[in-house]
Amino acid sequence: MSTPEIHSESHGPQEPKAEPNRPNIPGPIAVERRPEPSKHSGRRDPVILIVVAMVISIMLVFGIQRAHKARITTTAGKLQGHLAPDFTLNTPDGRTMKLSDFRGKAVLLNFWATWCEPCKVEMPWFVDLQNKYGPQGLQILGVAMDDASPGEIQSFARKLGVNYPVLLGKEDVGTEYGGLEYLPSTFYIDRSGKIVDHIFGLVSRSEIETDIQKALGQQVASK
Amino acid sequence: MKLRTIAACAALLVSTAAMAQELAHSPHRVSLEPPEITTIDRGHPGTVELQFRVARGFHINSNQPKQEYLKKTELHLDAPTDIVIGRITYPDGEDRSFPFAPNDKLNVYSGDFAVDVVVRPLSTVLPTKYAVHGYLKYQACDNAACYPPKQLPVSFEVKIVKDRTQHRRNPAQSPHVHS
């Protein structure tokens, strides 16, 4: 009968096994505490690499998206300090208006659409601001970049109590103003017809007011 | 092992960069996941599921937006002759409010959403693969601005086969009687 073998399966840290070519010296001298073989560090390395790759990936996505937005802003930014491109557009009731008709006034040129919810938020502000700054020489103009009918645009503007001219936009006018890839897009034009600022997307009412004051040539308190 | 991990990381980076580039240069904020070929019996309706994905940070109006002037998401398809496009079923949108109008709720799609299309080949159609083309009309916004309405090209394939149910229903066509 063979002697039953004793299996000493340990789940804890294992003693380093004696290497075949090295003399197995008994006693405390043999207990050489060496760091665990890179069992864990070998596993950790790929994890770290993957995490780093994922972080870089996320940064890439955000970076490229930001760069894209910045590119659009830069295209319109080239207009800043230059004369605002002139245009002739119709109102929903068939009248014609030219931007240059308003030379001598500060103009807030707002491109909007009926399907643009953020545009709807700022339109009541424009109504108030037209009342407040109109006597000082501000003229707000709304250009609808919309495929809705003139009647629908007019009724939409009426519902919001719009007290400034609304014009029916054309694609070529949008192109002149940097492509208008998204709405609302607002350009601030001074009394000489030069663009002093432009804003893409919805901003706060106070930011709009600051830009209006800039367009009017008023002293703007530093932010 | 290490080499494999490095290769996987490199692949992840390259594919993400490509995706980001595509997203930045593509005019679209919605994409269509490549649809699988659906097998449909001739003369019977079958359903094709189209999986769309709205880019992160954006939302599009659902098929039934609450506000009157908002552009609804809508799928338009042109079917080949002898194939009829039936009901198109859109998922319910999610009621969400956004920083630009915190008190309003918009009914929108964001992330992934699926549209089911019923395709019914006539019983006279030749059994083979057919491509269906069309576009998804949508209008996307982020938290502060909106993009003009766009049309995302959509196409999928259906494989029309002979009516399999008919064969199963009448198995004893043979004159031989098996005992």
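The legends below describe close-up views of two chains in a predicted model. Local features are taken at pLDDT of at least 70 and side-chain atom pairs only at pLDDT 80 or more, whereas totals for chains, interfaces and linings use all residues. Residues are numbered from 1 along each chain as its sequence is written, with chains lettered from A and ligands numbered from 1 in the order in which they are written.

**View 1. Helix 2 and helix 5 of chain A cross in a right-handed manner.**
Helix 2 (residues 117–133) and helix 5 (residues 205–215) of chain A have axes that come within 11 Å and cross at roughly 40 degrees; helices are DSSP runs of H or I with at least four residues, strands are runs of E with at least two, and both are numbered from the N terminus. Axes are lines fitted to C-alpha atoms, for helices over the stretch in contact, and angles run from 0 to 180 degrees between N-to-C directions. A crossing is right-handed if the near helix is turned clockwise from the far one by less than a right angle. Helix 2 of chain A contributes Glu122(A), Trp125(A), Leu129(A) and Tyr133(A) to the contact, and helix 5 of chain A contributes Arg205(A), Ile208(A), Glu209(A) and Ile212(A), where contact requires C-beta atoms, placed from the backbone, within 7 Å.

**View 2. The buried residues of helix 5 of chain A line one face of the helix.**
These residues are Ile208(A), Asp211(A), Ile212(A) and Ala215(A), buried being defined as 20 or more other C-beta atoms within 10 Å of a residue's own, with C-beta atoms placed from the backbone. Seen down the axis of helix 5 of chain A, the buried residues fall within an arc of 105 degrees, so they line one face; the arc is that of the directions from the helix axis to the C-beta atoms. Among the elements that cover them are helix 2 and strand 3 (106–112) of chain A. Just after helix 5 of chain A, Gly217(A) takes a positive phi of about 80 degrees.

**View 3. Strand 9 of chain B pairs with strand 3 of chain B and with strand 6 of chain B.**
Strand 3 (residues 46–54) of chain B runs antiparallel to strand 9 of chain B and is joined to it by eight bridges, with Gly46(B) opposite Val119(B); pairing requires at least two DSSP bridges. Strand 6 (residues 83–89) of chain B is likewise antiparallel to strand 9 of chain B, through five bridges, and Val84(B) stands opposite Arg120(B).

Terms used: Two residues are in contact if their C-beta atoms, placed from the backbone, lie within 7 Å. A residue is buried if 20 or more other C-beta atoms lie within 10 Å of its own, exposed if 12 or fewer, and partly exposed in between; C-beta atoms are placed from the backbone.
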